[in-house]
Amino acid sequence: MHEVDMTRCLLLSMHEWKQQHAPREPHVDRVHLEVGTFTCVEPDQLVVTWSDAVKGTWLDGSELVIESVPLVGRCVRCQATYSPDAADGFRSPCCQHPMEEIVSGRELRIRSVAYGFEPSPAHVPPTTPRPTAAR
Amino acid sequence: MHMPLEDTLGLNLLAANQHRAEHNREHFDAWNLLCLNVMSSPGAGKTSLLERSLAALSGRWAMAVLEGDMTTLLDAERLEAVGIPVVPITTGRACHLDAAMVSGGLKLLHQRLDPAALDILWVENVGNLVCPAEFAIGEHRKVALLSVTEGDDKPLKYPVMFREADCVLITKVDLLPHLPVDVERIEAHIRQVNPRTAVFRLSATTGEGFEAWHDWLDAQRQAVQTSPTLLHA
């Protein structure tokens, strides 16, 4: 259910980004997110709520692309990195140490926005006048 | 067809909530109060904890409560009976409090009293082990509860909540003689996902463990008075 609220936060950030381009109106193709696996976000659910939320808005037709970032821990005893797993109690396989340091997996980041501007009439180059017909 | 462009943002997905949380935090620091975000699954004993701690600490600290609940005022009414100011925040369909809701609660609280006169502001979050972990409200400390009746596997099943907690309270320990559950195993699982958190074992029925919990609370309150910016938002 919280994906709805996360989408709302994302829309607010997108609105602020759009303001930076004012008075031009960007047309957004894709929004790229990085979402760690050690977060409370279900990426598929976020895509669904995004698709519903942007219908009829300036972001209608844009795609939400989510890159999953795996959980990686670092064993503070031997400095080895490892993939913490709930089945192993998140301990390091090397030293059986608790999950003290997290290297990645907590990301909730808007990485980038792919967009463009529709050419406005003022920016359209004048068309070459048609040659007048010979009399 | 337009020319493709790309802006790199690197923004937190929850930046909008984070900005509001930082704004709340500025208020808490200006008022020189300690704000606690109390979280757990439904029925783990948040309200019972508050009833006992509020009654025990009211002579030492000036306190108030922002009480999050999806639909009812039942918990707020229980806490009002202790004689502490309580502002209910009914979240409707939302399964957690966010920084904007807490900001609204603060405005209502401000109408009733001067927050600068408070020492501790308790925020009782909505019962849920998932969503509240990701939404900052500007708190100085996150406190998570886990009752012994929930079993020993919850820290591994809901690791983000227990990872984020500055303090975990294992509640209802008076029931341990009647349950096939190993409290040592519960605590070990908590420490596996968060070796740095403080852990206390409590019973709101018998009062067991409250002295140590209140000592920890006193230390956090003193830390805010001394150096609020050293505590994370």
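This is a predicted model: local features need pLDDT of at least 70, side-chain atom pairs count only at pLDDT 80 or more; totals for chains, interfaces and linings use all residues.
Visitor: Which helices and strands does the secondary structure of chain A come to?

Guide: Helices (H or I, at least four residues) and strands (E, at least two) are DSSP runs, numbered from the N terminus. Chain A has 2 helices and 6 strands. Along its sequence they follow the pattern α-β-α-β-β-β-β-β.

Visitor: How many residues of chain A count as buried?

Guide: A residue is buried if 20 or more other C-beta atoms lie within 10 Å of its own, exposed if 12 or fewer, and partly exposed in between; the C-beta atoms are placed from the backbone. In chain A, 28% of the 135 residues count as buried.

Visitor: How many residues of chain A are in contact with chain B?

Guide: Two residues are in contact if their C-beta atoms, placed from the backbone, lie within 7 Å. By that rule, 32 residues of chain A are in contact with 32 residues of chain B. On the chain A side, α1, β1 (26–36) and β6 (108–117) each supply at least two residues. The largest share, 10 residues, comes from β6(A).

Visitor: What classes do the residues on that side of chain A divide into?

Guide: Ala, Val, Leu, Ile, Met, Phe, Trp, Tyr, Cys and Pro count as nonpolar, Asp, Glu, Lys and Arg as charged, and the others, Gly among them, as polar. The side of chain A that touches chain B has 19 nonpolar, 7 polar and 6 charged residues.

Visitor: Which strand of chain B does β6(A) pair with?

Guide: Two strands pair if DSSP finds at least two bridges between them. β6(A) pairs with strand β1 (residues 5–12) of chain B, antiparallel, over 6 bridges. There, A:Ser112 stands opposite B:Thr8.

Visitor: How are two packed helices described?

Guide: Two packed helices are described by the angle between their axes and the distance between the axes. Axes are lines fitted to C-alpha atoms, for helices over the stretch in contact, and angles run from 0 to 180 degrees between N-to-C directions. Here, α1 (residues 2–20) of chain A packs against α1 (residues 15–30) of chain B at about 90°, with the axes 7 Å apart. That makes the two helices roughly perpendicular. Angles of 65 to 115 degrees count as such, while under 35 is roughly parallel, over 145 roughly antiparallel and the rest oblique.

Visitor: Which residues make that helix contact?

Guide: A:Cys9, A:Leu12 and A:Ser13 come from α1(A), and B:Ala15, B:Ala16 and B:Asn17 from α1(B). By class, 4 are nonpolar, 2 polar and none charged.

Visitor: What is the order of strands in the open sheet of chain B?

Guide: The 7 strands run β4-β3-β5-β2-β6-β7-β8, with parallel pairing. β4 (86–90) and β8 stand at the edges with a single partner strand each, so one side of each is left without a neighbour in the sheet. Neighbouring strands are turned by 20° against each other on average, direction ignored.

Visitor: Which way do the residues of β5(B) point?

Guide: In a regular strand the side chains alternate between the two faces of the sheet. In β5(B), B:Ile120, B:Trp122 and B:Glu124 point one way, B:Leu121 and B:Val123 the other, and all are buried. Strand β2 (residues 34–39) of chain B pairs with β5(B) in parallel over 5 bridges; B:Asn37 stands opposite B:Val123. Strand β3 (residues 63–69) of chain B is joined to β5(B) by 5 bridges, also running parallel. B:Glu67 has B:Glu124 as its bridge partner.

Visitor: What unit does β7(B) make with helix α7 and β8(B)?

Guide: A crossover is right-handed if, with the strands pointing away from the viewer, the path from the first strand over the helix to the second runs clockwise. β7(B), helix α7 (residues 183–193) of chain B and β8(B) make a right-handed β-α-β unit. Strand β7 (residues 167–171) of chain B has 4 of its 5 residues buried. β7(B) is joined to strand β8 (residues 198–201) of chain B by 4 bridges, in parallel. There, B:Cys167 has B:Ala198 as its bridge partner.

Technical notes: Residues are numbered from 1 along each chain as its sequence is written. Chains are lettered from A and ligands numbered from 1 in the order in which they are written.
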